[in-house]
Amino acid sequence: MNWKSFMLGVGVGLASGYAARELLSQKTSVSPEKALANAKDAFKQEGPISGSWIHMKAEPYEKGHLKYQVYKGGISRFSGEEAEQYEFIADAETGTILDVFPLH
């Protein structure tokens, strides 16, 4: 093996290691569609839903001195003959529902 091949291998190894470290260090976040699916699954436990929506851009939100990046969305469903609408706030990093508010 000559020195050129060896140095090329070392260079490729270092570049690959750096790229892998950068990818792993980035915070991953949940897509808005996944956050909406989580909310719909939670609401479906109480009965069928008739509609849903979500803002596609995360925004800052504070709850109890904790700061989050969140998606805001809504769910509509019928309870008997009456329509119910709810707004939900989902953590953009995990997709967890942080708050739910009934809309009147």
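**Close-ups of a predicted protein chain**

**View 1. Aspartate 99 touches Tyr61, Lys63, Glu87, Phe88 and Ile89, leaving aside residues up to four places away in sequence.** A touch, or contact, is heavy atoms within 4.5 Å. This is a predicted model, where local features need pLDDT of at least 70 and side-chain atom pairs count only at pLDDT 80 or more, while totals for chains, interfaces and linings use all residues. Residues are numbered from 1 along each chain as its sequence is written, and side-chain values use heavy atoms, with hydrogens and water left out. Aspartate 99 sits in strand β5. Helices (H or I, at least four residues) and strands (E, at least two) are DSSP runs, numbered from the N terminus. Is aspartate 99 buried or exposed? With 17% relative accessibility, aspartate 99 counts as buried; the cut-offs are under 20% relative accessible area for buried, over 50% for exposed and in between for partly exposed (1.4 Å probe, protein chains only). The side chain of aspartate 99 also makes a polar contact with the side chain of tyrosine 61, at 2.3 Å. That term means a pair of N or O atoms within 3.5 Å; within protein, one must be able to donate a hydrogen and the other to accept it, and residues adjacent in sequence count only if both atoms are side-chain atoms.

**View 2. Aspartate 91 is another buried residue, with 11% relative accessible area.** Look for aspartate 91 in strand β4. Its side chain reaches the side chain of threonine 94 in a polar contact of 3.1 Å. Skip residues up to four places away in sequence, and aspartate 91 touches Tyr68, Gln69, Val70, Thr96 and Leu98.

**View 3. Strands β4 and β5 run antiparallel, joined by six bridges.** β4 covers residues 82–91 and β5 covers residues 97–103. Two strands pair if DSSP finds at least two bridges between them. Which residue in β5 is the bridge partner of tyrosine 86? That would be proline 102. Five residues lie between the strands of this hairpin, and there glycine 95 takes a positive phi near 85°.

**View 4. β2 and β3 make a hairpin with two residues between them.** These strands, residues 59–63 and 66–79, run antiparallel with five bridges. Pick out glutamate 59, and you'll find its bridge partner, valine 70, in β3. In the turn, glycine 64 has a positive phi of about 55°.

**View 5. Helix α2 has 13 residues and spans 18 Å from its first C-alpha to its last.** That is close to the 18 Å expected at 1.5 Å a residue; the expected span is 1.5 Å times one less than the number of residues. Pro32, Ala35, Leu36, Ala39 and Phe43 are buried in α2. Seen down the helix axis, the buried residues of α2 fall within an arc of 100°, so they line one face. The arc is that of the directions from the helix axis to the C-beta atoms. What do these buried residues pack against? They pack against β1 (49–54), β3, β4 and β5.

View 6. Lysine 34 is partly exposed, at 47% relative accessibility. Lysine 34 and threonine 94 are 60 residues apart in sequence, yet 9.5 Å apart in space, C-alpha to C-alpha.

**View 7. Zooming back out, the protein chain has two helices and five strands.** From the N terminus on, they run α-α-β-β-β-β-β. Of its 104 residues, 23% count as buried.
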